[in-house]
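Please take me through this model in the viewer. Tell me what to select at each stop and what is there.

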Amino acid sequence: MMPNPVWCLILLVLLAGLTVAVRYRFRSVFLIVLCHNIVWAGALLLIGTNLIAYKDASVWAWLTLTAGLAGFNLGAMAVTWFRERRRTFTSSANEVSSRTHLMNRWTLLGVAIVYAGAFGSYLLTIQFRFGILTLITDPKMVRGAHGESYLESVPLAARILLYLGPLLFVVLGYKAAVDRPLALWVRVVGMVALALSMLALLQRTNLFMAVLWLCAVLITQPLGAQTDSGASELPPARGLRGRWLALGRPWRIGAALVAFGIVGLLAFQIVGGALDKTGQQALNSGAVSEPLARSGLVSPFQYYTSGTMGFLQLVDSNNHAWPPQRVQGSILVGDYNPQTWGASTFGALLKAIPGAPSVDPISPFIDTGVLTNVYTWLEPFYRDFRIYGVVVGSVLLGGVIALLYLRRRASAMMFWLQSAFLSTIFLAPFITKINNTLFLSELVYVVLLSLLYSRVLAGRGGQVRLAATTATGGADG
């Protein structure tokens with residue numbers, strides 16, 4: 001059994017080699033592969049430092065992880081290769097649409113009102129159960145040990161509509177999401193208000209997904225995103241906005257990504273501190289090195305790296321028993337590793353089928369040297385079909401995300417769908433988000449809003465044609 005740092009070095013070399021190969025042979029999906037490989041490489045690099053002394057894993061466990069990492073790369077390569085061959089024989093044209101508008105201003109106002117209503121329903125629930133002041137003075141009591149009961153008390157419709165928060169955040173953050181962009185200060189104020197509302201939910205997930213989705217939109221946006229009138233950019237502005245535009249597009253995107261990264265880290269620390277999620281258990285375990293303990297970054301370090309080690313320990317587990325019923329207010333610890341035969345991967349969909357098998361979405365904690373209950377985005381594939389699921393699932397993920405990315409210029413709907421899928425890559429070493437209710441709801445919202453906006457455009461086109469016909473005295477003259 002080789003120590004963790006050696007395996008981390010091997011996988012870092014593998015990821016570097018795959019990245020270079022894609023750069024020179026499958027350049028059209030390079031961005032997708034680069035995001036995936038950098039996120040994983042960062043986790044492996046930190047694990048290799050031994051700043052947290054994680055337990056060593058078996059060769060089989062590391063090979064299973066290797067299969068998952070390589071599978072994503074191969075899936076993206078395969079899609080590119082097949083598309084190249086198809087174009088060779090059919091000479092199909094490239095998609096050239098650059099419109100990325102998801103809605104107009106009136107739709108944005110309507111969606112914002114709906115979200116405000118859902119958030120108001122949440123606040124009323126908190127008021128009736130705990131009191132609004134408790135949300136501020138003692139958020140840990142509101143959330144409880146597992147953070148379910150207080151949200152389950154919110155009406156189901158309101159809970160689903162709260163998922164509009166991340167979408168609204170991205171729409172305000174990306175100027176070309178609305179056909180007539182709002183003033184910069186309006187967008188900034190709106191994003192701050194939305195961020196505060198998502199923090200008030202006492203969860204980091206919604207805000208994190210919003211920030212990551214916005215990052216995905218910014219790095220995949222068309223170079224010449226146009227308005228429906230054909231104008232690609234607004235005229236240069238003076239003052240702060242003018243200086244911002246003068247930076248140039250790559251620098252603006254880079255600055256925005258840095259800013260969003262800082263916001264994400266601050267939100268992580270603020271919510272973690274409010275809920276006493278500061279990595280204290282890891283500090284008490286004796287596995288945390290002194291330099292890391294002094295840095296105050298134990299919690300983000302653990303969240304970034306422990307999922308990978310949790311997955312390795314899960315693969316090594318021979319405990320095939322089902323975990324006992326989880327009791328609200330308790331923490332379930334154990335290396336439970338039953339085969340779930342599809343219930344993990346398709347859990348969100350199976351909830352809608354009466355009598356269908358179900359798996360608790362909150363996994364038991366496992367001992368990796370420190371306790372963790374996240375197992376990377378490969379977890380559901382492994383729990384369902386073991387290494388075969390990891391291989392097939394990761395290849396499909398790479399293929400689907402690459403295909404959506406390659407078709408992102410086909411329509412505004414495709415652009416927003418691909419960015420949503422791309423955003424999940426950034427959490428790959430941590431947890432899967434592709435099969436949960438939040439992500440599926442976002443996809444539904446994108447499709448509905450895209451179809452609505454298409455009807456609005458069709459209506460505008462009909463009015464323009466009617467006006468032109470009237471002005472010329474009719475089609476027959």
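Select Asn104 and Trp106. Asn104 caps the N-terminal end of α4, with a side-chain oxygen 3.3 Å from the backbone nitrogen of Trp106. The model is predicted: local features need pLDDT of at least 70, side-chain atom pairs count only at pLDDT 80 or more, and totals for chains, interfaces and linings use all residues. Numbering runs from 1 along each chain as its sequence is written, and side-chain values use heavy atoms, without hydrogens and water.

Now select residues 105-129, helix α4. Helices are DSSP runs of H or I, at least four residues, numbered from the N terminus. α4 has 25 residues and reaches 36 Å from its first C-alpha to its last, close to the 36 Å expected at 1.5 Å a residue. Colour its buried residues (under 20% relative accessible area, 1.4 Å probe, protein chains only); among them are Leu108, Tyr115, Phe119 and Ile126. Gly131 follows α4, with a positive phi near 95°.

Next, Thr66 in helix α3 (residues 59-90). Thr66 is buried, at 16% relative accessible area. Leaving aside neighbours within four places in sequence, Thr66 is in contact (heavy atoms within 4.5 Å) with Leu11 and Leu14.

Last stop: the largest cavity. Select Pro166, Met209, Trp213, Ala420, Ser423, Leu438, Phe439 and Glu442, which line it. A cavity is a set of points on a 1 Å grid over the protein atoms alone where a 1.4 Å probe fits but cannot get out; lining residues have an atom within 4 Å of a point. α20 gives the largest share of this lining, three residues.

Terms used:
Helix = DSSP H or I, 4+ residues; strand = E, 2+ residues; numbered from the N terminus. Expected span 1.5 Å × (residues − 1). Buried < 20%, exposed > 50% of the residue type's maximum accessible area, 1.4 Å probe, protein only. Polar contact = N/O pair within 3.5 Å; in protein donor to acceptor, adjacent residues only side chain to side chain. 1 Å grid on protein atoms, 1.4 Å probe; cavity = no way out; pocket = protein on both sides within 12 Å on 5 of 7 lines; lining within 4 Å.
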